[in-house]
Amino acid sequence: MKLASRMDRLGVEGAFNVLVRARALEAQGRNIIHLEIGEPDFDTPKNIVAAAKQALDQGWTHYGPPAGLPELREAIASHICQTRGVRVGAENVSVVPGGKPIIFFPMLALVEPGDEVIYPNPGFPIYESMINFIGAKPVPIPLSEERGFSFDLDRLRDSLSPKTKLLILNSPHNPTGGVIPPADIQAIAEMVRDRDLIVLADEIYARIYFEQAPLSITTIPGMLEKTIILDGFSKTYAMTGWRMGYGVMPAWLAEAVNKLMVNSNSCTASFTQRAGIAALTGPQDDVAKMVAEFRRRRDAFCAGLNSIPGFRCAIPGGAFYTFPNITGTGFTSEELADRLLQESGVAGLSGTAFGAYGEGYVRFSIANSYENLMAAVERIRKFIADNKR
Ligand SMILES: Cc1ncc(COP(=O)(O)O)c(C=O)c1O
């Protein structure tokens, strides 16, 4: 039996592939420093775990409403009002298992085959995979290192067409750690406000920033009505394995997403949603501590990378990734990432795992201990010294 042809258009996530290879090397006794996968190396805060245990004991083990528990949807709506400064209600919120479904479901609901979707490249690989899967036309916009990995605005303007259905923004950004400056957000809003398209604002790293807070495009007049905010619990509360995220969007679109939820998952796990309420309404000190530790690591790791001949590492403004330019080493991204893993035991990702415009870069996550990050710098330095080109 042959798989349906649409499966040929589905991509993968490089981080999971490299993790598998790194684990195989470890099974052979090799010591590997893991800088490949995109998840905080912290435990989920204790109050959130306690809330989940209590919810299990209280019997939150049954189906719930497809859109999410009303109390959680209220908590998310007021969290968005507080953090973004916009007015939304529970009717705008869809709770789903992780952030990823808020890429998949809105695309299924909105985009016809042949429509165009604009997205950042390099970017989270699932965007391109989903665009291809549904038969839409991918319109990648390169990010420019000189502009802190923000969009090339002229290129964006030229790429908009009557067929553009969706524009994906991601700030703070995976894989570069770039934060789109407020002036660029304003300029983008002006470009798209009067167009018949929807913006998917992937704000999953919204709370992980080091200097300037990212501006949500929903705050620009006229944009809330045409924007989907993607956010969730995975990164902010170190809850990647819990699988809980959400979208905040116009109510008519939330209804469509909820319909896709009934057809695919029925609902997000009930006891994890109870824990989600505790996450949003409880103390936020653990988030602040985590961000402070990421900042400390970022400063030391970037300084270390910048002292290696051939490396040039922009200082990321958010998320927990560094995206050094490695063209000065003479290696391609893929060869460097591959040989660093095989020969030096440092697992990072080739920039091309995030799209063709990622060539010339490697992504290293800083979600590993300070000591391991410093050890990784020394391993990379030695590899480059031993393999001069
Ligand atoms: C930019 C971006 N969006 C969405 C997601 C998906 O998050 P989740 O694990 O909650 O599905 C990730 C995870 O790596 C991400 O980096």
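I started with the buried residues of helix 8: L253, A254, V257, N258 and M261. Buried here is under 20% relative accessible area, exposed over 50%, partly exposed in between (1.4 Å probe, protein chains only). Down the axis of helix 8 these buried residues fall within an arc of 140°, so they line one face; the arc is taken from the directions from the helix axis to the C-beta atoms. An α-helix has 3.6 residues a turn, so residues three or four places apart point the same way.

On the other side of helix 8 I found W252, E255, K259 and N263 exposed.

Before going on, a note on the source: this is a predicted model, local features need pLDDT of at least 70, side-chain atom pairs count only at pLDDT 80 or more, and totals for chains, interfaces and linings use all residues. Residues are numbered from 1 along each chain as its sequence is written, and side-chain values use heavy atoms, without hydrogens and water.

What covers the buried side of helix 8? I noted helix 3 (70-84), strand 2 (93-96) and helix 4 (101-110) among the cover, with contact meaning heavy atoms within 4.5 Å. Helices (H or I, at least four residues) and strands (E, at least two) are DSSP runs, numbered from the N terminus.

Next, the ligand. I looked up its polar contacts (pairs of N or O atoms within 3.5 Å). A ligand nitrogen is 2.6 Å from a side-chain N or O atom of D202. A ligand oxygen is 2.8 Å from a side-chain N or O atom of N174.

Terms used
A polar contact is a pair of N or O atoms within 3.5 Å; within protein, one must be able to donate a hydrogen and the other to accept it, and residues adjacent in sequence count only if both atoms are side-chain atoms.
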